[in-house]
Amino acid sequence: MKLCILDALTLGADIDITPFESCGEVVVYDLTAPEEVEERIKDVDVIITNKVVLNGSNLKHAERLKLITLLATGYNNIDTAYAKERGIAVANVAGYSTESVAQHTFAMLLHLIEHNSAYDVYVKSKRYASSETFTYIAWPFHQLSGKTLGIIGLGAIGKAVARIGVAFGMKVIYYSTSGKNISDTEYENVTLEELLASSDVVSIHAPYNEKTHGLIGYKEIAQMKSTAYLLNLGRGKIVVEEELAKALNDNLIEGAALDVLANEPIDADNPLFEVKEQEKLFITPHIAWASVEARQVLVQEVIENIRAFEIGEMRNRIV
C-alpha cells in the first residue's frame, strides 16, 4: 500500500513520522501547493493531510485512492460528497487535543488578566532594581475565583475548560450552538444574550458552521461587561475580526485572546493590527492543539485509522 503525507510540516519538525512506514510505502511532502496536489496523489492508496484542499478537480485522477485520513478533527477542506460518490473513505481524529486546547485557553487568559508581559518587561528593564519598595502594582489584576466563565460550545474541549474554571473557583455557564445535549451537564445552559451579559470571561469552543459564522460581532461584544475578556479557540470566522478591533478601540471590553483567525496565516492588513492598545489583544498562531503530547497521539491515531481500514473495521469514519 502506498501512502502520501501532503503537509507533514503542520505536525512540526520535532514529531517522529517514521511510524507511518509500518502501514506501507510512505512519500512525505512538507507542504503541498494546490497546483501540486493532483500529481502527488495520482497513484496512492491513502492520503494523509491536515489542511490541503481535496475535491473533485484534484481527486478525479487518483484512481487507486481508497482512504483520506486527516491529521485533524475538522474536515472542511475535504469534498465529502465527492469522496462518497467515489467510494473513498474519509476519517478524522477527535479528542487528541482536548487537554492541550484547554490548557492553552487558560494560558492565554492568565497572560491577559495578570499583565504578565508588562511586569516581565518592567523587571528585565532593570527599573525594578531601583524600586523604592519590594512590589510594584502598576497594572491591577483580579482573581478568577468568584468570576463567571461563559463557554460557547460545551463539547469535549468546552467541558475540559469548564473543569479548569471550576478548579479556579469560577461559576460556569454555557450556550449550546447546536442545541444538543443541553440537559446532559452539571452546568447551567443559558441563551447567548444571558451568557454575554453575565460572564466575566467568554470562551469560544464551538465548531464552525452556518449557525456560528459571524456569531460574535460588535453588537454581541457590546452586550458584555466592560471588564470582561473574550477568548476564541474555536474557529476564526466565529468572531468578526473587524468588529472586534472596533470594539477594543471603543473600550467595550477589557481584552481579547485569539488562537484562531479568519485567514491563516493572518493577512498583513488584518484589522486587528489596528487595535490601538495592543496589550489588550493577545494572539497566538493556531497552536492551542499542538502540545507535543497531542501531536504524538495524533500520529498514532491516524496509524490506527489506516490499520482499522485495512481490516474492514473503520474508526472515526466520516464517509
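These exercises, with worked solutions, walk through one predicted protein model.

Residues are numbered from 1 along each chain as its sequence is written.

**Exercise 1. The whole chain**

Task: Describe the secondary structure, box, burial, contacts and surface of the protein chain.

Solution: 
- Step 1. Start with secondary structure. The chain has 10 helices and 12 strands. Helices (H or I, at least four residues) and strands (E, at least two) are DSSP runs, numbered from the N terminus.
- Step 2. Take the box. Along the principal axes, the C-alpha atoms fill roughly 70 × 50 × 35 Å.
- Step 3. Check burial. Of the 319 residues, 44% are buried. Buried means under 20% relative accessible area, exposed over 50%, and partly exposed in between (1.4 Å probe, protein chains only).
- Step 4. Look at contacts (heavy atoms within 4.5 Å). Among those between residues at least 6 apart in sequence, 63% join residues at least 24 apart.
- Step 5. Finish with the surface. The accessible surface is about 16,000 Å². Carbon and sulfur atoms hold 51% of this surface. Areas come from the Shrake-Rupley method with a 1.4 Å probe; for residues, only the protein chains shown count as cover.

**Exercise 2. Salt bridges**

Task: How many salt bridges does the rule give? Then place the pairs R163 and E99, D120 and K124, and K225 and D200.

Solution: 
- Step 1. Recall the idea. Side chains of opposite charge can pair when their charged atoms come close.
- Step 2. Apply the rule: a side-chain nitrogen of Lys or Arg lies within 4 Å of a carboxyl oxygen of Asp or Glu. The count comes to 12 salt bridges.
- Step 3. Take R163 and E99. Their N to O distance is 3.7 Å. This pair links distant parts of the chain: R163 sits in helix α6 (residues 156-167) and E99 in helix α4, 64 residues apart. R163 counts as partly exposed because its relative accessibility is 45%. E99 reaches 52%, so E99 is exposed.
- Step 4. Take D120 and K124. Here N to O is 3.1 Å. Both residues lie in helix α5, 4 residues apart, about one turn of the helix. D120 is partly exposed at 36%, and K124 is exposed at 64%.
- Step 5. Take K225 and D200. Their N to O distance is 3.0 Å. This pair also links distant parts of the chain, 25 residues apart. K225 is in the loop between α8 (218-221) and β10 (229-232), and D200 is in the loop between α7 (192-198) and β9 (201-204). K225 is partly exposed at 28%. D200 has a relative accessible area of 15%, so D200 is buried.
- Step 6. Salt bridges link D45, R64 and K66.

**Exercise 3. A second look at D200**

Task: Which residues does T227 contact, leaving aside its neighbours within four places in sequence?

Solution: 
- Step 1. Locate T227. This residue is in the loop between α8 and β10.
- Step 2. List the contacts. They are D200 and E254.
- Step 3. Compare sequence and space. T227 and D200 are 27 residues apart in sequence, and their C-alpha atoms are 6.9 Å apart.

**Exercise 4. The second largest pocket**

Task: What lines the second largest pocket?

Solution: 
- Step 1. Recall the method. Rolling a probe the size of a water molecule over the atoms shows where empty space is left.
- Step 2. Define the pocket. On a 1 Å grid over the protein atoms alone, a pocket is an open set of points where a 1.4 Å probe fits, with protein on both sides within 12 Å along at least five of seven lines; lining residues have an atom within 4 Å of a point.
- Step 3. Give the volume: about 300 Å³. Volume is the space filled by probe spheres set on the points, which are joined across faces, edges and corners.
- Step 4. Count the lining. There are 17 residues, with L112, H115, W139, E279 and K280 nearest the centre.
- Step 5. Find the elements. α4 (98-113), α5 (116-124) and β12 (281-283) each supply at least two lining residues. α5 gives the most, with 3 residues.

**Exercise 5. Buried or exposed?**

Task: Is N305 buried or exposed?

Solution: 
- Step 1. Locate N305. This residue is in helix α10 (residues 292-310).
- Step 2. Read the area. N305 has a relative accessible area of 0%, so N305 is buried.
- Step 3. Name contacts beyond four places in sequence. Among them are T69, N92 and R315.

How values were computed. Predicted model: local features only at pLDDT ≥ 70, side-chain atom pairs only at ≥ 80, totals over all residues. Heavy atoms only, no water.
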